[in-house]
Amino acid sequence: MNAPQNERVIIIGSGPAGLTAAIYTARANLSPLVIEGEPSSTSDQPGGQLMLTTEVENFPGFPEGIMGPELMTNFRAQAERFGARFLTEKATRVDFSARPFRVWVRDTEYIADSIIVSTGARSLMLGLPEEQRLIGHGLSTCATCDGFFFRGQHIAVVGGGDSAIEEATFLTKFADKVSIIHRRDEFRASKIMQDRAFSNPKIEVIWNSTVTAVLGESKVDGVELTNTVDGSTSTLPVTGVFIAIGHRPNTDLFAGILDMDETGYLVTEAGSTRTNIEGVFACGDVQDHTYRQAITAAGSGCMAAIDTERWLETQHG
Ligand code: NAP
């Protein structure tokens, strides 16, 4: 078999962070190779989480809004225009113990002087079959992104942690009523967040309940609830459902290789995209559990590209 070509930089992941890193490194003549993921119905597909959204209204530069998939197609075309190359595959193994770094797609090996990790995160879902059909059509995992579409409506938020309470509180700016559905009889969220929710007249809490079906054909028109104590079922008519039961970063590939926090997010040095391994950089949601926005991911993708370019210069003069 031929020896693999030594790349200057391999970018793993192709959401807003990875594709922005691709645009910048391509324009810096580094001819990045982007391992963009495989088409699938989850967020670790080419384009990332925005492929699962409909209208994006908060990405600057699009005063009329833009569809999530169209935005990502534009990002990709822009990176390609400057010479980024794409592999529509998933990286299956990495070895960062020596340079050049090694990345495999099944049995095929790729090598590179530097790596940008931008594999993103995914929202945990309930696991109901209709979630794939209704996401972006009344079902959402991001209140900041989609709250605006629910002005004057009754919506449900599922979860009992800080995210659920924060999202529910935020959503009362738009909705007339927000029902928090939680599977137990007490919240996991911090006391201060709970107090905020309890004192908000637009929020009601439905305790000891799980969502066992999201109702509606082309858009959400309700949820089926099952009581976790007595097993009884009921229907709650809502036009929106926000799932806020946590996120998981896509970092399995880097376990034992890159430093992670206790929840699996990659740790980067403050104010930079450097990981614990020199020459490996991380950007976007894979290292950010605070902001999780396309624009912040894109911003950190730009940082990763600049960090990579500068680091490569120190290596090759
Ligand atoms: P989390 O703390 O893990 O809470 C997840 C919630 O979802 C829990 O209440 C859990 O129920 C529920 N849940 C999990 N799986 C479920 C399922 N299949 N069906 C129904 N309910 C389910 O996640 P998070 O709220 O996203 O917070 C993640 C971290 O970020 C936390 O450390 C949090 O403090 C932090 N955070 C902080 C802020 C802030 O300070 N402003 C805002 C957001 C997040 P159980 O309680 O029964 O397990």
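## Salt bridges

In this predicted model, Glu204 and Lys177 are joined through their side chains in a salt bridge at 3.8 Å, N to O, a term that requires a side-chain nitrogen of Lys or Arg within 4 Å of a carboxyl oxygen of Asp or Glu. Glu204 belongs to strand E13 (residues 203-206) and Lys177 to strand E12 (residues 177-181), so the pair ties together parts that are 27 residues apart in sequence; helices (H or I, at least four residues) and strands (E, at least two) are DSSP runs, numbered from the N terminus. Glu204 is partly exposed, with a relative accessible area of 27%, and Lys177 is partly exposed at 33%, where buried means under 20% relative accessible area, exposed over 50% and partly exposed in between (1.4 Å probe, protein chains only).

The structure holds 14 salt bridges. One of them joins the side chains of Arg106 and Glu38 (3.6 Å, N to O), with Arg106 in the loop between strand E7 (101-105) and strand E8 (108-117) and Glu38 in the loop between strand E2 (33-35) and strand E3 (55-56), 68 residues apart. Arg106 counts as exposed at 51% relative accessibility, whereas Glu38, at 29%, counts as partly exposed.

## The two domains

An automatic or database domain assignment divides the chain into domain 1 (6-122 + 247-314) and domain 2 (125-243), and their centres, taken over C-alpha atoms, are separated by 31 Å. Seven residues from domain 1 and ten residues from domain 2 make the contact, which is defined by heavy atoms within 4.5 Å.

Between them the domains bury about 750 Å², 47% of it on carbon and sulfur atoms, buried area being the accessible area (1.4 Å probe) that two parts lose on being put together, summed over both. On the side of domain 1, Leu52, Thr54 and Glu57 lose the most area to domain 2, together 45% of what that side buries. The count of salt bridges between the two domains is zero.

## Surroundings of Ser300

Ser300 lies in helix H7 (residues 294-316) and is buried, with a relative accessible area of 9%. Leaving aside residues up to four places away in sequence, Ser300 touches Thr273, Cys283, Gly284 and Gln287.

## Basis of the values

Residues are numbered from 1 along each chain as its sequence is written, and side-chain values use heavy atoms, with hydrogens and water left out. As this is a predicted model, local features need pLDDT of at least 70 and side-chain atom pairs count only at pLDDT 80 or more, while totals for chains, interfaces and linings use all residues.
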